[in-house]
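Please read the following account alongside the sequence and the model, taking one region at a time.

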Amino acid sequence: MQIGSHILKNKLIVAPMAGVTDRPFRQLCKSMGAGMAVSEMVSSNSLLWGSEKTRRRANHEGEVDPISVQIAGADPAMMAEAARYNVAQGAQIIDINMGCPAKKICNVMAGSALLQDQPLVARILDAVVGAVRVPVTLKIRTGWDKQHKNALAVARIAESAGVQALAIHGRTRACAYTGHAEYDTIAAVKAAVGIPVVANGDITTPEKAKEVLDYTKADAIMIGRAAQGRPWIFREIDHYLATGTHLQLPEVAEIHRVLIKHLYDLYSFYGEYSGVRIARKHISWYTKGLVGSAGFRHAMNQLQSTDQQLSAVNEFFSQLAGYGRRLTYVEAEELVA
Ligand SMILES: Cc1cc2nc3c(=O)[nH]c(=O)nc-3n(C[C@H](O)[C@H](O)[C@H](O)COP(=O)(O)O)c2cc1C
């Protein structure tokens, strides 16, 4: 998989997720096998660039190449300016968000709402591609709703604008996150355009990753929710694609180490107050389905300091180690309570 001059080490990309794919999480996923990770979206509204949140989103210190930054907005000139600003902050790839169904984004006619207005799509892509020397990529859904699946038309517009890769989430905007992602539209786009296509949506296992790659003939896959609390999914998929065999689930001791390092990274990136709060959702994802985790999560969510949070995690994992060396997920926690 190649984007401009960037040759990725594999076909596995971390999907942009606002509130999740911050620098600590992107670095972690890259260290656990992802070939690339797209940042949380940065608004094209320059009035927000001075805010703490946007400055953090534009912070790529120490991040492994290539650094891909997603921008969101609907005004071609503002999007061009946002692209230039982020390149100046270290972005090596600019990704444009036309895939996000969030109300906050769609109400201002950005994200997936843009798919309704193809001439505007063309103007935005022309403006952004013309504004920066780095490769520009685009993320879309299959269309506005099931009656208006225009991914193919948008893909052609993107290709002629000079966009260098296209990620497609196999749902329409109207589908939000309901039902299942479909891959026929992604396969049709891949067959029709020459630029690299990335398949996205509901890829949760190594088998599903292979199935989607085989079915769509996509150049790469993008994984979002399945990586939450499971960053090792990238090495599991990488191994399966290379060998056809499964890696074992990680050992409890390794996950404990990974989570503790992740927590320290979050605390140092966000500071104690926000760090503890942002860490809660990650700790919940890491421990979901593990023996005794429901009670642990409830208690952990009340803790206010980094020391308390670290001690609670250490205690939970030392109890878990008693159940065996490898992670074991349980269907119903009450079975073991
Ligand atoms: C919490 C969350 C935040 C997201 N934020 C963004 C975003 O900022 N930009 C974007 O293009 N997509 C965003 N998405 C969509 C994901 O990138 C991805 O397309 C979607 O989750 C489907 O992939 P998955 O089934 O692997 O999760 C977000 C998804 C989630 C769950």
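Helix α6, residues 151-161, packs against helix α7, residues 184-192, at an angle of about 35 degrees and with the axes 9 Å apart; axes here are lines fitted to C-alpha atoms over the stretch in contact, and angles run from 0 to 180 degrees between N-to-C directions. Helices (H or I, at least four residues) and strands (E, at least two) are DSSP runs numbered from the N terminus. The crossing of α6 and α7 is right-handed, a term for a near helix turned clockwise from the far one by less than a right angle. In this contact, defined by heavy atoms within 4.5 Å, Ala151, Leu152, Ala155 and Arg156 of α6 meet Thr185, Ala188, Val189 and Ala192 of α7. These residues divide into six nonpolar, one polar and one charged, where Ala, Val, Leu, Ile, Met, Phe, Trp, Tyr, Cys and Pro count as nonpolar, Asp, Glu, Lys and Arg as charged, and the others, Gly among them, as polar.

The model is predicted, so that local features need pLDDT of at least 70 and side-chain atom pairs count only at pLDDT 80 or more, while totals for chains, interfaces and linings use all residues. Residues are numbered from 1 along each chain as its sequence is written, and side-chain values use heavy atoms, with hydrogens and water left out.

Among the polar contacts (pairs of N or O atoms within 3.5 Å), a polar backbone atom of Asp202 is 2.7 Å from a ligand oxygen, and a backbone N or O atom of Gly224 lies 2.8 Å from an oxygen of the ligand. The protein covers 89% of the 610 Å² of accessible area that the ligand has on its own, as computed by the Shrake-Rupley method with a 1.4 Å probe.

Asp202 also has a positive phi of about 65 degrees although it is not a glycine, and lies in the loop between β9 (197-200) and α8 (206-216). Lys217, likewise not a glycine, has a positive phi near 60 degrees and lies in the loop between α8 and β10 (220-223).

Note on methods. Polar contact = N/O pair within 3.5 Å; in protein donor to acceptor, adjacent residues only side chain to side chain.
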